[in-house]
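Here is a short briefing on one protein chain. Keep the structure open while reading.

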Amino acid sequence: MDIRHFRYFLAVAQQRNFTRAAQVLGIAPPTLSRQIQDLESALGVRLFIRQQRQVSLTEAGQALLPEADATVRQFELAQRNARRAGRGEVGHIELGYVASAVYSGVLQRQVQAFSRDCSEVSLSVQEAPMADLPVSVAEGRFDLGYVRSPMALPQELEAIGLNSEGFVLALTDDSWLTRLKGISAQHLQNETFILPEQISGTLQVAAQGGYAPRLGPQPGGLVAVIALVSLGQGVAVVPESVVGHISLPNVIYRPIEGCEARSWLSLIYRRFEKSPVVAGYIAKVKRDFRTVEPAAR
């Protein structure tokens, strides 16, 4: 006895006629009759009272009817859900992001677009230290991560470069640098640099000026970095999207002349991703958002 027998039973119960039920099922009436007999034999009861032109349910058949209907419906639901999960239409994604990912709006647009198109996929979105995100994604604690590139990545990860932007200098409004018509990398030689999580901008500015930077603390997220600048602890080279999003007393932002260093937001993911729902998120990002930079390893 299997699910097929329940389907045949339901067809006969609904049509009250073996010939019509066989037509609905697309099988021959004798085949249907044998299948019902097999079901009755397996259960040890008669399910139908057979008459010349129609059949009716026995008491046992009436008891079986709602249970058979529920069983078939649940079986079909399980099939649909399995197929949808295989297509990445249902499931769960753990997504980590560095705080600065929200300043450009790219993270918001991508998460909202995916949620709109895949409403039955649940997303858990959590801020995390950027230094931890690559390992967390590689080891499966996060499925995806938004980080600031360039940065070193484990070999098992890939990255999609998203929006590209330059760097600006964060400094106090009473700094001697504000009296200059333009601030170059050479002017910063004796400054103390507060380090954001992404230090590539600081290193490239120092390399442009031809000196080793005097390094201050690395407090973590950009709000903490700008807070230390506000307290007069040094200057900071930060992505230009910070301007207009982090405004603290005593802090202003200035361009750095000749600075060609770039930063871009990247989505990092496992190279051989097996989850259909995670693969679907990656595919949507690749399809809807133009890659602006290669992944830096």
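The points below cover strands, helices and salt bridges.

The model is predicted. Strand S13 (residues 263-270) has 8 of its 8 residues buried. By the rule used here, the salt bridges number 10. One of them joins Arg270 to Asp143.

- S13 is mostly covered, with 8 of its 8 residues buried.
- Ser263, Leu265, Leu267 and Tyr269 point one way from the strand. Trp264, Ser266, Ile268 and Arg270 point the other way. Residues of both sets are buried.
- S5 runs antiparallel to S13, and 6 bridges join them. Gly145 stands opposite Ile268 of S13.
- Strand S6 (residues 157-165) also pairs with S13 in the antiparallel sense, over 7 bridges. Here Ser164 stands opposite Trp264.
- Trp264 and Ile268 point the same way from S13 as Arg270.

- The side chains of Arg270 and Asp143 meet in a salt bridge, at 3.1 Å from N to O.
- This pair links distant parts of the chain, 127 residues apart. Arg270 is in S13, while Asp143 is in the loop between helix H6 (133-138) and strand S5 (144-149).
- Arg270 has a relative accessible area of 16%, so it counts as buried, the limit being under 20%.
- Asp143 is at 14% relative accessibility, so it is buried by that limit too.
- Glu273 joins Asp143 and Arg270 in a network of salt bridges.

**Two further salt bridges**

- Side chains of opposite charge can pair when their charged atoms come close.
- Arg73 and Asp69 form a salt bridge through their side chains, at 2.9 Å from N to O.
- Both residues lie in helix H4 (residues 59-86). They are 4 residues apart, about one turn of the helix.
- Arg73 is exposed, because its relative accessible area of 56% is over 50%.
- Asp69 is at 25% relative accessibility and counts as partly exposed.
- Arg141 forms a salt bridge with Glu139. Their closest N and O atoms are 2.5 Å apart.
- Arg141 counts as partly exposed, at 48% relative accessibility. Glu139 is exposed, with a relative accessible area of 53%.

**The four-stranded open sheet**

- An open sheet is formed by 4 strands in the order S8-S12-S7-S11. The pairing is mixed.
- Strand S8 (183-184) and strand S11 (236-239) are the edge strands. Each pairs on one side only.
- S8 pairs with strand S12 (residues 251-257) in the parallel sense, over 2 bridges.
- Ile183 stands opposite Ile256 in S12.

**Helices across the sheet**

- Helix H7 (residues 200-209) lies across strand S7 (167-172), S11 and S12. H7 runs at about 125° to S11.
- Helix H8 (residues 222-230) lies across S7, S11 and S12 as well. H8 runs at about 145° to S11.
- Ser200 belongs to H7. Its relative accessible area is 13%, so Ser200 is buried, the limit being under 20%.
- Which residues does Ser200 contact, leaving aside its neighbours within four places in sequence? They are Pro150 and Phe167.

**The H2–H3 pair**

- Two packed helices are described by the angle between their axes and the distance between the axes.
- Helix H2 (residues 18-25) packs against helix H3 (residues 29-43) at an angle of about 100°. Their axes are 9 Å apart.
- H2 is therefore roughly perpendicular to H3, the range for that label being 65 to 115 degrees.
- From H2, the contact is made by Phe18, Thr19, Ala21, Ala22 and Leu25. From H3, it is made by Pro29, Leu32, Ser33 and Ile36.
- By class, the contact of H2 with H3 has 7 nonpolar and 2 polar residues. It has no charged residues.

Methods: Residues numbered from 1 in each chain as written. Predicted model: local features only at pLDDT ≥ 70, side-chain atom pairs only at ≥ 80, totals over all residues. Heavy atoms only, no water. Buried < 20%, exposed > 50% of the residue type's maximum accessible area, 1.4 Å probe, protein only. Contact = heavy atoms within 4.5 Å. Pairing = 2+ DSSP bridges. Axes fitted to C-alpha atoms, helices over the stretch in contact; angles between N-to-C directions. Parallel < 35°, antiparallel > 145°, perpendicular 65-115°, else oblique. Nonpolar A, V, L, I, M, F, W, Y, C, P; charged D, E, K, R; others polar. Salt bridge = Lys/Arg side-chain N within 4 Å of Asp/Glu carboxyl O.
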